[in-house]
Number of protein chains: 2
Amino acid sequence: MKFRRSGRLIDMTHYFLQNPQRLIPLTYFADKYNSAKSSISEDMAIIKHTFEQQGVGTLLTLPGAAGGVKFIPKASVEEAKGFIDELCGMMASPERLLPGGYLYLTDILGNPRVVNKIGRLFASVYAERKIDVVMTVATKGIPLAYAVAQFLDVPVVIVRKDSKVTEGSTVSINYVSGSSKRIQTMLLAKRSLETGSNVLIIDDFMKAGGTVNGMISLLEEFQAKVAGIGVLVESEDIEERLVDEYISLVKLTDVNVKEKQINVKEGNYFAHL
Amino acid sequence: MKFRRSGRLIDMTHYFLQNPQRLIPLTYFADKYNSAKSSISEDMAIIKHTFEQQGVGTLLTLPGAAGGVKFIPKASVEEAKGFIDELCGMMASPERLLPGGYLYLTDILGNPRVVNKIGRLFASVYAERKIDVVMTVATKGIPLAYAVAQFLDVPVVIVRKDSKVTEGSTVSINYVSGSSKRIQTMLLAKRSLETGSNVLIIDDFMKAGGTVNGMISLLEEFQAKVAGIGVLVESEDIEERLVDEYISLVKLTDVNVKEKQINVKEGNYFAHL
(Lines give C-alpha, C1' and ligand atoms only; values in the text may rest on other atoms or scores of the structure.)
Protein backbone atom coordinates (compact mmCIF):
# COMPACT_ATOMS: atom_id res chain seq x y z
CA MET A 1 0.00 0.00 0.00
CA LYS A 2 1.29 3.44 -0.92
CA PHE A 3 0.86 6.33 1.52
CA ARG A 4 0.97 10.01 0.78
CA ARG A 5 2.57 12.29 3.35
CA SER A 6 -0.78 13.34 4.85
CA GLY A 7 -1.79 9.71 5.45
CA ARG A 8 1.62 8.91 6.90
CA LEU A 9 1.47 11.85 9.33
CA ILE A 10 -1.97 10.78 10.61
CA ASP A 11 -1.03 7.13 10.95
CA MET A 12 2.36 7.84 12.55
CA THR A 13 0.76 10.24 15.03
CA HIS A 14 -1.71 7.53 15.98
CA TYR A 15 1.06 4.96 16.28
CA PHE A 16 3.24 7.17 18.49
CA LEU A 17 0.33 8.01 20.79
CA GLN A 18 -0.53 4.30 21.14
CA ASN A 19 3.07 3.35 21.79
CA PRO A 20 4.66 5.82 24.19
CA GLN A 21 8.21 5.19 25.46
CA ARG A 22 8.80 2.51 22.84
CA LEU A 23 11.83 2.54 20.55
CA ILE A 24 10.58 2.18 16.99
CA PRO A 25 13.14 1.55 14.21
CA LEU A 26 12.79 3.85 11.20
CA THR A 27 12.54 0.78 9.02
CA TYR A 28 9.22 -0.05 10.67
CA PHE A 29 7.64 3.05 9.15
CA ALA A 30 9.64 2.89 5.92
CA ASP A 31 8.39 -0.66 5.32
CA LYS A 32 4.83 0.03 6.42
CA TYR A 33 4.45 3.04 4.14
CA ASN A 34 6.71 1.80 1.38
CA SER A 35 8.61 5.10 1.65
CA ALA A 36 12.25 6.22 1.71
CA LYS A 37 13.81 6.68 5.16
CA SER A 38 14.53 10.30 4.26
CA SER A 39 10.79 10.93 3.82
CA ILE A 40 10.07 9.25 7.17
CA SER A 41 12.70 11.47 8.82
CA GLU A 42 10.99 14.54 7.39
CA ASP A 43 7.61 13.30 8.64
CA MET A 44 9.06 12.79 12.10
CA ALA A 45 10.52 16.29 12.20
CA ILE A 46 7.06 17.72 11.47
CA ILE A 47 5.42 15.53 14.13
CA LYS A 48 8.10 16.39 16.69
CA HIS A 49 7.64 20.10 16.03
CA THR A 50 3.85 19.90 16.35
CA PHE A 51 3.95 17.72 19.48
CA GLU A 52 6.36 20.13 21.19
CA GLN A 53 4.42 23.21 20.11
CA GLN A 54 1.13 21.74 21.35
CA GLY A 55 2.47 20.33 24.63
CA VAL A 56 1.84 16.70 23.69
CA GLY A 57 5.40 15.54 24.27
CA THR A 58 8.44 15.03 22.13
CA LEU A 59 10.12 12.53 19.81
CA LEU A 60 13.55 11.30 20.83
CA THR A 61 15.75 10.04 18.01
CA LEU A 62 18.45 7.51 18.84
CA PRO A 63 21.01 7.11 16.03
CA GLY A 64 22.76 3.95 14.87
CA ALA A 65 21.81 0.46 13.79
CA ALA A 66 19.98 -0.26 17.06
CA GLY A 67 18.43 3.20 17.02
CA GLY A 68 15.03 4.53 16.18
CA VAL A 69 12.53 6.98 17.52
CA LYS A 70 10.66 7.15 20.81
CA PHE A 71 7.61 9.20 21.75
CA ILE A 72 7.95 10.72 25.23
CA PRO A 73 4.61 12.07 26.50
CA LYS A 74 5.14 15.32 28.39
CA ALA A 75 2.55 17.67 29.79
CA SER A 76 3.56 21.31 29.52
CA VAL A 77 3.82 23.45 32.67
CA GLU A 78 0.86 25.54 31.49
CA GLU A 79 -1.29 22.45 30.96
CA ALA A 80 -0.30 21.13 34.40
CA LYS A 81 -1.05 24.50 36.04
CA GLY A 82 -4.44 24.76 34.39
CA PHE A 83 -5.38 21.20 35.21
CA ILE A 84 -4.25 21.32 38.85
CA ASP A 85 -6.21 24.56 39.30
CA GLU A 86 -9.24 22.78 37.89
CA LEU A 87 -8.71 19.84 40.27
CA CYS A 88 -8.45 22.21 43.24
CA GLY A 89 -11.69 23.85 42.18
CA MET A 90 -13.46 20.49 41.96
CA MET A 91 -12.16 19.35 45.33
CA ALA A 92 -12.94 22.48 47.31
CA SER A 93 -16.69 21.84 47.18
CA PRO A 94 -17.98 21.39 50.79
CA GLU A 95 -20.34 18.57 49.73
CA ARG A 96 -17.24 16.41 49.38
CA LEU A 97 -16.64 16.38 53.09
CA LEU A 98 -17.20 12.97 54.70
CA PRO A 99 -17.04 11.95 58.37
CA GLY A 100 -13.46 11.77 59.64
CA GLY A 101 -12.19 14.54 57.38
CA TYR A 102 -12.10 12.32 54.30
CA LEU A 103 -13.10 13.60 50.90
CA TYR A 104 -15.57 12.08 48.48
CA LEU A 105 -13.43 11.69 45.34
CA THR A 106 -15.36 8.88 43.68
CA ASP A 107 -16.74 11.07 40.89
CA ILE A 108 -13.33 12.58 40.09
CA LEU A 109 -11.63 9.18 40.14
CA GLY A 110 -14.52 7.76 38.10
CA ASN A 111 -13.90 10.08 35.16
CA PRO A 112 -11.47 8.44 32.71
CA ARG A 113 -10.68 11.79 31.10
CA VAL A 114 -9.58 13.32 34.43
CA VAL A 115 -7.76 10.13 35.42
CA ASN A 116 -5.83 10.12 32.14
CA LYS A 117 -4.73 13.70 32.67
CA ILE A 118 -3.50 12.88 36.16
CA GLY A 119 -1.60 9.97 34.64
CA ARG A 120 0.00 12.22 32.02
CA LEU A 121 1.18 14.65 34.70
CA PHE A 122 2.86 11.98 36.82
CA ALA A 123 4.30 10.25 33.75
CA SER A 124 5.83 13.57 32.66
CA VAL A 125 7.85 13.77 35.88
CA TYR A 126 9.02 10.17 35.69
CA ALA A 127 9.50 10.00 31.91
CA GLU A 128 13.29 10.03 32.14
CA ARG A 129 13.70 7.82 35.20
CA LYS A 130 14.08 4.07 35.13
CA ILE A 131 10.68 2.67 36.07
CA ASP A 132 9.90 -1.04 35.61
CA VAL A 133 6.49 -1.17 37.20
CA VAL A 134 3.80 0.99 38.81
CA MET A 135 2.45 -0.23 42.16
CA THR A 136 -0.72 0.79 43.96
CA VAL A 137 -3.05 -0.53 46.62
CA ALA A 138 -6.65 -1.56 45.94
CA THR A 139 -9.12 0.06 45.26
CA LYS A 140 -9.02 3.80 44.67
CA GLY A 141 -5.44 3.99 43.40
CA ILE A 142 -6.00 1.44 40.62
CA PRO A 143 -7.28 3.74 37.83
CA LEU A 144 -4.54 6.29 38.58
CA ALA A 145 -1.86 3.61 38.51
CA TYR A 146 -3.02 2.36 35.09
CA ALA A 147 -3.19 5.88 33.72
CA VAL A 148 0.42 6.53 34.75
CA ALA A 149 1.60 3.11 33.60
CA GLN A 150 0.09 3.44 30.15
CA PHE A 151 2.13 6.59 29.47
CA LEU A 152 5.29 4.94 30.82
CA ASP A 153 4.60 1.64 29.00
CA VAL A 154 5.11 -0.50 32.10
CA PRO A 155 2.87 -3.01 33.94
CA VAL A 156 0.83 -2.37 37.09
CA VAL A 157 0.91 -4.46 40.25
CA ILE A 158 -1.86 -4.17 42.81
CA VAL A 159 -1.33 -4.66 46.51
CA ARG A 160 -4.39 -5.97 48.33
CA LYS A 161 -5.65 -5.87 51.87
CA ASP A 162 -7.35 -9.25 51.50
CA SER A 163 -6.14 -12.48 49.92
CA LYS A 164 -7.88 -13.73 46.79
CA VAL A 165 -7.86 -17.29 45.53
CA THR A 166 -7.12 -16.13 41.99
CA GLU A 167 -3.74 -14.61 42.84
CA GLY A 168 -1.86 -17.75 43.84
CA SER A 169 0.70 -17.56 46.66
CA THR A 170 1.35 -14.15 48.20
CA VAL A 171 3.85 -12.27 50.33
CA SER A 172 2.28 -10.32 53.17
CA ILE A 173 3.46 -7.75 55.67
CA ASN A 174 1.96 -5.97 58.65
CA TYR A 175 2.06 -2.21 58.80
CA VAL A 176 0.82 0.51 61.08
CA SER A 177 -1.78 2.83 59.65
CA GLY A 178 -0.36 6.31 60.19
CA SER A 179 -3.53 8.05 61.28
CA SER A 180 -5.43 5.34 63.16
CA LYS A 181 -2.27 3.63 64.50
CA ARG A 182 -3.90 0.24 63.93
CA ILE A 183 -1.93 -2.74 62.67
CA GLN A 184 -3.07 -3.86 59.23
CA THR A 185 -2.00 -6.39 56.63
CA MET A 186 -1.22 -5.94 52.95
CA LEU A 187 -0.15 -8.52 50.46
CA LEU A 188 1.10 -8.96 46.93
CA ALA A 189 1.05 -12.01 44.66
CA LYS A 190 4.51 -13.60 44.57
CA ARG A 191 4.45 -13.91 40.80
CA SER A 192 3.57 -10.30 40.19
CA LEU A 193 6.88 -8.55 40.92
CA GLU A 194 10.41 -9.43 39.89
CA THR A 195 13.33 -9.11 42.31
CA GLY A 196 15.21 -5.83 41.89
CA SER A 197 12.42 -3.98 40.05
CA ASN A 198 12.32 -0.17 40.06
CA VAL A 199 8.88 0.67 41.34
CA LEU A 200 6.82 3.84 41.10
CA ILE A 201 4.21 3.95 43.88
CA ILE A 202 0.95 5.72 43.02
CA ASP A 203 -1.99 6.34 45.33
CA ASP A 204 -5.01 8.61 45.53
CA PHE A 205 -4.76 9.98 49.06
CA MET A 206 -1.99 10.30 51.65
CA LYS A 207 -2.50 11.37 55.23
CA ALA A 208 0.37 10.33 57.49
CA GLY A 209 1.67 7.98 54.82
CA GLY A 210 1.10 4.66 56.58
CA THR A 211 -0.19 2.89 53.48
CA VAL A 212 2.63 4.15 51.29
CA ASN A 213 5.07 3.17 54.01
CA GLY A 214 3.54 -0.30 54.05
CA MET A 215 4.08 -0.59 50.30
CA ILE A 216 7.73 0.39 50.79
CA SER A 217 8.14 -2.40 53.38
CA LEU A 218 6.51 -4.83 50.99
CA LEU A 219 8.97 -3.80 48.26
CA GLU A 220 11.85 -4.66 50.59
CA GLU A 221 10.51 -8.22 50.75
CA PHE A 222 10.87 -8.38 46.97
CA GLN A 223 14.26 -6.62 47.09
CA ALA A 224 12.72 -4.02 44.83
CA LYS A 225 13.56 -0.31 44.81
CA VAL A 226 11.30 2.71 45.24
CA ALA A 227 11.82 4.82 42.13
CA GLY A 228 9.22 7.40 43.09
CA ILE A 229 5.99 8.10 44.96
CA GLY A 230 3.07 10.03 43.51
CA VAL A 231 -0.18 10.86 45.28
CA LEU A 232 -3.15 12.76 43.93
CA VAL A 233 -4.06 14.42 47.24
CA GLU A 234 -1.94 14.89 50.34
CA SER A 235 -3.47 15.99 53.60
CA GLU A 236 -1.44 18.61 55.46
CA ASP A 237 -3.28 18.06 58.67
CA ILE A 238 -0.97 15.47 60.27
CA GLU A 239 1.46 15.39 63.16
CA GLU A 240 4.21 13.39 61.58
CA ARG A 241 4.66 12.35 57.97
CA LEU A 242 6.04 8.83 57.60
CA VAL A 243 7.15 9.39 54.00
CA ASP A 244 9.60 12.09 52.91
CA GLU A 245 9.92 12.16 49.17
CA TYR A 246 6.75 12.18 47.15
CA ILE A 247 4.95 14.21 44.54
CA SER A 248 1.43 15.48 45.12
CA LEU A 249 -0.89 17.31 42.75
CA VAL A 250 -3.22 18.73 45.39
CA LYS A 251 -2.71 19.57 49.05
CA LEU A 252 -5.62 19.51 51.46
CA THR A 253 -5.28 22.10 54.21
CA ASP A 254 -7.60 23.11 57.05
CA VAL A 255 -10.45 20.65 56.80
CA ASN A 256 -13.13 21.82 59.16
CA VAL A 257 -15.82 19.15 59.43
CA LYS A 258 -17.97 21.24 61.75
CA GLU A 259 -18.00 24.34 59.55
CA LYS A 260 -18.06 22.22 56.39
CA GLN A 261 -15.02 24.01 55.05
CA ILE A 262 -12.26 22.61 52.88
CA ASN A 263 -9.16 24.44 51.78
CA VAL A 264 -7.15 22.98 48.95
CA LYS A 265 -4.10 24.31 47.19
CA GLU A 266 -1.66 23.01 44.62
CA GLY A 267 0.67 20.23 45.84
CA ASN A 268 4.45 20.06 45.45
CA TYR A 269 4.26 18.94 41.79
CA PHE A 270 5.99 21.94 40.29
CA ALA A 271 8.95 21.61 42.65
CA HIS A 272 9.79 18.37 40.81
CA LEU A 273 9.72 19.56 37.21
CA MET B 1 -0.79 30.96 15.40
CA LYS B 2 -0.93 29.80 11.79
CA PHE B 3 -0.94 26.08 11.01
CA ARG B 4 0.01 24.39 7.79
CA ARG B 5 -1.99 21.36 6.74
CA SER B 6 0.64 18.91 8.04
CA GLY B 7 0.55 20.48 11.51
CA ARG B 8 -3.24 20.55 11.49
CA LEU B 9 -3.48 16.87 10.55
CA ILE B 10 -1.15 15.87 13.40
CA ASP B 11 -2.86 18.05 15.96
CA MET B 12 -6.39 17.06 14.88
CA THR B 13 -5.46 13.38 14.95
CA HIS B 14 -4.19 13.83 18.50
CA TYR B 15 -7.31 15.74 19.49
CA PHE B 16 -9.70 13.14 18.07
CA LEU B 17 -7.84 10.28 19.76
CA GLN B 18 -7.96 12.12 23.11
CA ASN B 19 -11.66 12.96 22.71
CA PRO B 20 -13.53 9.92 21.41
CA GLN B 21 -17.32 10.07 21.11
CA ARG B 22 -17.38 13.83 21.58
CA LEU B 23 -19.14 16.16 19.17
CA ILE B 24 -16.67 18.85 18.14
CA PRO B 25 -17.98 21.87 16.18
CA LEU B 26 -15.98 22.66 13.03
CA THR B 27 -15.50 26.18 14.34
CA TYR B 28 -13.37 24.76 17.16
CA PHE B 29 -10.72 23.68 14.67
CA ALA B 30 -11.23 26.64 12.34
CA ASP B 31 -10.60 29.03 15.24
CA LYS B 32 -7.73 27.06 16.72
CA TYR B 33 -5.86 26.87 13.42
CA ASN B 34 -7.03 30.19 12.04
CA SER B 35 -8.16 28.33 8.90
CA ALA B 36 -11.19 28.31 6.64
CA LYS B 37 -13.89 25.73 7.40
CA SER B 38 -13.43 24.34 3.90
CA SER B 39 -9.79 23.52 4.69
CA ILE B 40 -10.83 21.86 7.96
CA SER B 41 -13.39 19.78 6.06
CA GLU B 42 -10.68 18.62 3.68
CA ASP B 43 -8.40 17.74 6.62
CA MET B 44 -11.17 15.72 8.19
CA ALA B 45 -11.82 13.80 4.97
CA ILE B 46 -8.14 12.77 4.91
CA ILE B 47 -8.19 11.76 8.59
CA LYS B 48 -11.44 9.81 8.15
CA HIS B 49 -10.00 7.95 5.18
CA THR B 50 -6.79 7.05 7.02
CA PHE B 51 -8.57 6.03 10.23
CA GLU B 52 -10.92 3.74 8.30
CA GLN B 53 -8.14 2.28 6.17
CA GLN B 54 -5.99 1.56 9.25
CA GLY B 55 -8.81 0.22 11.46
CA VAL B 56 -8.61 3.03 14.00
CA GLY B 57 -12.25 4.02 13.73
CA THR B 58 -14.20 6.60 11.81
CA LEU B 59 -15.28 10.23 11.87
CA LEU B 60 -19.00 10.91 11.95
CA THR B 61 -20.11 14.28 10.60
CA LEU B 62 -23.38 15.75 11.86
CA PRO B 63 -24.61 18.65 9.70
CA GLY B 64 -26.37 21.81 10.83
CA ALA B 65 -25.76 24.61 13.30
CA ALA B 66 -25.59 22.20 16.26
CA GLY B 67 -23.50 19.80 14.22
CA GLY B 68 -19.85 18.92 14.15
CA VAL B 69 -17.65 15.87 13.97
CA LYS B 70 -17.26 12.89 16.26
CA PHE B 71 -14.49 10.31 16.40
CA ILE B 72 -15.88 6.78 16.87
CA PRO B 73 -13.15 4.30 17.84
CA LYS B 74 -13.71 0.97 16.11
CA ALA B 75 -11.48 -2.06 16.07
CA SER B 76 -11.53 -3.90 12.76
CA VAL B 77 -12.61 -7.55 12.63
CA GLU B 78 -9.06 -8.55 11.63
CA GLU B 79 -7.56 -6.70 14.57
CA ALA B 80 -10.09 -8.29 16.93
CA LYS B 81 -9.42 -11.77 15.48
CA GLY B 82 -5.67 -11.37 15.83
CA PHE B 83 -5.87 -10.00 19.33
CA ILE B 84 -8.33 -12.60 20.63
CA ASP B 85 -6.11 -15.34 19.19
CA GLU B 86 -3.20 -13.79 21.03
CA LEU B 87 -5.23 -13.69 24.28
CA CYS B 88 -6.19 -17.36 23.87
CA GLY B 89 -2.52 -18.21 23.40
CA MET B 90 -1.54 -16.36 26.56
CA MET B 91 -4.31 -17.95 28.61
CA ALA B 92 -3.77 -21.54 27.54
CA SER B 93 -0.52 -21.82 29.48
CA PRO B 94 -0.90 -24.54 32.17
CA GLU B 95 1.05 -22.49 34.75
CA ARG B 96 -2.01 -20.24 34.98
CA LEU B 97 -4.06 -22.93 36.62
CA LEU B 98 -4.89 -22.17 40.25
CA PRO B 99 -6.74 -24.29 42.84
CA GLY B 100 -10.49 -24.41 42.16
CA GLY B 101 -10.14 -24.15 38.40
CA TYR B 102 -9.42 -20.42 38.50
CA LEU B 103 -6.89 -18.83 36.19
CA TYR B 104 -4.02 -16.55 37.14
CA LEU B 105 -4.72 -13.49 34.97
CA THR B 106 -2.90 -10.88 37.04
CA ASP B 107 -0.09 -10.39 34.52
CA ILE B 108 -2.50 -10.01 31.59
CA LEU B 109 -4.73 -7.60 33.51
CA GLY B 110 -1.62 -5.77 34.73
CA ASN B 111 -0.51 -4.84 31.22
CA PRO B 112 -2.04 -1.46 30.24
CA ARG B 113 -1.41 -2.13 26.54
CA VAL B 114 -3.42 -5.39 26.63
CA VAL B 115 -6.09 -3.81 28.83
CA ASN B 116 -6.49 -0.92 26.39
CA LYS B 117 -6.95 -3.30 23.48
CA ILE B 118 -9.61 -5.20 25.40
CA GLY B 119 -11.29 -1.87 26.07
CA ARG B 120 -11.21 -0.93 22.37
CA LEU B 121 -12.84 -4.22 21.42
CA PHE B 122 -15.75 -3.84 23.85
CA ALA B 123 -16.15 -0.15 23.03
CA SER B 124 -16.40 -1.05 19.33
CA VAL B 125 -19.44 -3.22 19.99
CA TYR B 126 -21.16 -0.61 22.17
CA ALA B 127 -20.08 2.47 20.17
CA GLU B 128 -23.55 3.04 18.74
CA ARG B 129 -25.61 2.17 21.81
CA LYS B 130 -26.68 4.61 24.47
CA ILE B 131 -24.32 4.05 27.39
CA ASP B 132 -24.19 6.53 30.30
CA VAL B 133 -21.82 4.70 32.57
CA VAL B 134 -19.64 1.59 32.84
CA MET B 135 -20.02 -0.48 36.00
CA THR B 136 -17.73 -3.13 37.42
CA VAL B 137 -16.99 -4.84 40.71
CA ALA B 138 -13.73 -4.42 42.62
CA THR B 139 -10.93 -5.40 42.04
CA LYS B 140 -10.02 -7.25 38.84
CA GLY B 141 -12.62 -5.65 36.63
CA ILE B 142 -11.52 -2.07 37.36
CA PRO B 143 -8.79 -1.62 34.72
CA LEU B 144 -11.02 -3.20 32.07
CA ALA B 145 -13.94 -0.94 32.97
CA TYR B 146 -11.76 2.18 32.66
CA ALA B 147 -10.34 1.02 29.36
CA VAL B 148 -13.84 0.58 27.92
CA ALA B 149 -15.13 3.81 29.47
CA GLN B 150 -12.33 5.93 28.08
CA PHE B 151 -13.22 4.91 24.52
CA LEU B 152 -16.92 5.54 25.18
CA ASP B 153 -16.25 8.82 27.06
CA VAL B 154 -18.39 7.88 30.05
CA PRO B 155 -17.64 7.56 33.78
CA VAL B 156 -16.97 4.36 35.71
CA VAL B 157 -18.74 3.25 38.88
CA ILE B 158 -17.26 0.57 41.07
CA VAL B 159 -19.33 -1.84 43.12
CA ARG B 160 -17.61 -3.03 46.28
CA LYS B 161 -17.91 -6.05 48.51
CA ASP B 162 -16.93 -4.03 51.58
CA SER B 163 -18.05 -0.60 52.72
CA LYS B 164 -15.49 2.21 52.83
CA VAL B 165 -15.74 5.37 54.85
CA THR B 166 -14.71 7.47 51.87
CA GLU B 167 -17.75 6.58 49.79
CA GLY B 168 -20.45 8.17 51.91
CA SER B 169 -23.82 6.43 52.17
CA THR B 170 -24.34 3.29 50.11
CA VAL B 171 -27.05 1.02 48.75
CA SER B 172 -26.39 -2.66 49.36
CA ILE B 173 -27.95 -5.92 48.18
CA ASN B 174 -27.46 -9.57 48.95
CA TYR B 175 -26.85 -11.99 46.12
CA VAL B 176 -26.11 -15.66 45.71
CA SER B 177 -22.75 -16.52 44.27
CA GLY B 178 -23.51 -18.80 41.32
CA SER B 179 -20.78 -21.35 41.85
CA SER B 180 -20.39 -21.50 45.65
CA LYS B 181 -24.12 -20.82 46.34
CA ARG B 182 -23.13 -18.63 49.30
CA ILE B 183 -24.98 -15.42 50.11
CA GLN B 184 -22.79 -12.36 49.68
CA THR B 185 -23.20 -8.60 49.84
CA MET B 186 -22.30 -5.92 47.32
CA LEU B 187 -22.77 -2.20 47.59
CA LEU B 188 -22.55 1.00 45.64
CA ALA B 189 -22.20 4.59 46.80
CA LYS B 190 -25.57 6.37 46.57
CA ARG B 191 -24.06 9.40 44.91
CA SER B 192 -22.29 7.46 42.22
CA LEU B 193 -25.17 6.50 39.92
CA GLU B 194 -28.09 8.55 38.65
CA THR B 195 -31.61 7.11 38.43
CA GLY B 196 -32.43 5.81 34.97
CA SER B 197 -28.82 5.49 33.76
CA ASN B 198 -27.97 3.11 30.91
CA VAL B 199 -25.25 0.90 32.32
CA LEU B 200 -22.67 -1.28 30.61
CA ILE B 201 -21.44 -4.01 33.00
CA ILE B 202 -17.82 -5.09 32.52
CA ASP B 203 -16.00 -7.86 34.41
CA ASP B 204 -12.94 -10.02 34.01
CA PHE B 205 -14.32 -13.49 34.65
CA MET B 206 -17.76 -15.08 34.59
CA LYS B 207 -18.54 -18.57 35.81
CA ALA B 208 -22.23 -19.07 36.58
CA GLY B 209 -22.78 -15.32 36.50
CA GLY B 210 -23.68 -14.74 40.17
CA THR B 211 -21.63 -11.57 40.45
CA VAL B 212 -23.00 -10.09 37.24
CA ASN B 213 -26.47 -11.06 38.38
CA GLY B 214 -25.83 -9.26 41.67
CA MET B 215 -24.86 -6.12 39.76
CA ILE B 216 -28.10 -6.35 37.78
CA SER B 217 -30.09 -6.51 41.05
CA LEU B 218 -28.16 -3.52 42.34
CA LEU B 219 -29.03 -1.59 39.19
CA GLU B 220 -32.71 -2.23 39.86
CA GLU B 221 -32.31 -0.43 43.19
CA PHE B 222 -31.14 2.61 41.24
CA GLN B 223 -33.86 2.15 38.60
CA ALA B 224 -31.03 1.91 36.10
CA LYS B 225 -31.02 -0.16 32.92
CA VAL B 226 -28.58 -2.83 31.76
CA ALA B 227 -27.35 -1.65 28.37
CA GLY B 228 -24.89 -4.49 27.94
CA ILE B 229 -22.62 -7.02 29.66
CA GLY B 230 -19.05 -7.70 28.63
CA VAL B 231 -16.69 -10.22 30.22
CA LEU B 232 -13.11 -10.97 29.27
CA VAL B 233 -13.30 -14.70 30.06
CA GLU B 234 -16.34 -16.91 30.42
CA SER B 235 -16.08 -20.38 31.85
CA GLU B 236 -18.11 -22.98 29.99
CA ASP B 237 -17.91 -25.47 32.77
CA ILE B 238 -21.14 -24.61 34.62
CA GLU B 239 -24.49 -26.28 35.16
CA GLU B 240 -26.71 -23.28 34.77
CA ARG B 241 -25.86 -19.80 33.56
CA LEU B 242 -27.65 -17.06 35.49
CA VAL B 243 -27.06 -14.44 32.79
CA ASP B 244 -28.25 -14.77 29.20
CA GLU B 245 -27.01 -11.91 27.11
CA TYR B 246 -23.36 -11.04 27.36
CA ILE B 247 -20.28 -10.66 25.21
CA SER B 248 -17.11 -12.61 25.97
CA LEU B 249 -13.72 -12.41 24.31
CA VAL B 250 -12.42 -15.78 25.50
CA LYS B 251 -14.18 -18.97 26.51
CA LEU B 252 -12.57 -21.36 28.95
CA THR B 253 -13.47 -25.00 28.24
CA ASP B 254 -12.33 -28.23 29.86
CA VAL B 255 -10.19 -27.11 32.74
CA ASN B 256 -8.50 -30.20 34.12
CA VAL B 257 -6.76 -29.31 37.37
CA LYS B 258 -5.34 -32.80 37.82
CA GLU B 259 -3.81 -33.03 34.36
CA LYS B 260 -2.92 -29.33 34.39
CA GLN B 261 -4.74 -28.79 31.13
CA ILE B 262 -6.61 -25.71 29.99
CA ASN B 263 -8.55 -25.37 26.80
CA VAL B 264 -9.50 -21.90 25.65
CA LYS B 265 -11.24 -20.74 22.53
CA GLU B 266 -12.64 -17.50 21.23
CA GLY B 267 -15.76 -16.22 23.01
CA ASN B 268 -19.01 -15.06 21.43
CA TYR B 269 -17.59 -11.62 20.51
CA PHE B 270 -17.91 -11.98 16.76
CA ALA B 271 -21.58 -12.97 17.02
CA HIS B 272 -22.25 -9.40 18.22
CA LEU B 273 -20.51 -7.41 15.49
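Which strands of chain B does helix α4 lie across, and at about what angle does α4 run to β12(B)? I began there: helix α4 (residues 77-91) of chain B lies across β10 (225-235), β11 and β12 of chain B, and runs at about 170° to β12(B). Angles run from 0 to 180 degrees between N-to-C directions, with axes fitted to C-alpha atoms, for helices over the stretch in contact; helices (H or I, at least four residues) and strands (E, at least two) are DSSP runs numbered from the N terminus.

I noted that this is a predicted model, in which local features need pLDDT of at least 70 and side-chain atom pairs count only at pLDDT 80 or more, while totals for chains, interfaces and linings use all residues. Residues are numbered from 1 along each chain as its sequence is written, chains are lettered from A and ligands numbered from 1 in the order written, and side-chain values use heavy atoms, without hydrogens and water.

I then followed the open sheet of chain B, whose six strands have the order β6-β5-β9-β10-β11-β12 with mixed pairing (two strands pair if DSSP finds at least two bridges between them). β6 (156-159) and β12 (261-266) stand at the edges, each with a single partner strand, so one side of each lacks a neighbour in the sheet. Five bridges join β11 (residues 247-256) to β12(B), and the two run antiparallel; Val250(B) has Glu266(B) in β12(B) as its bridge partner.

How values were computed
Contact means heavy atoms within 4.5 Å.
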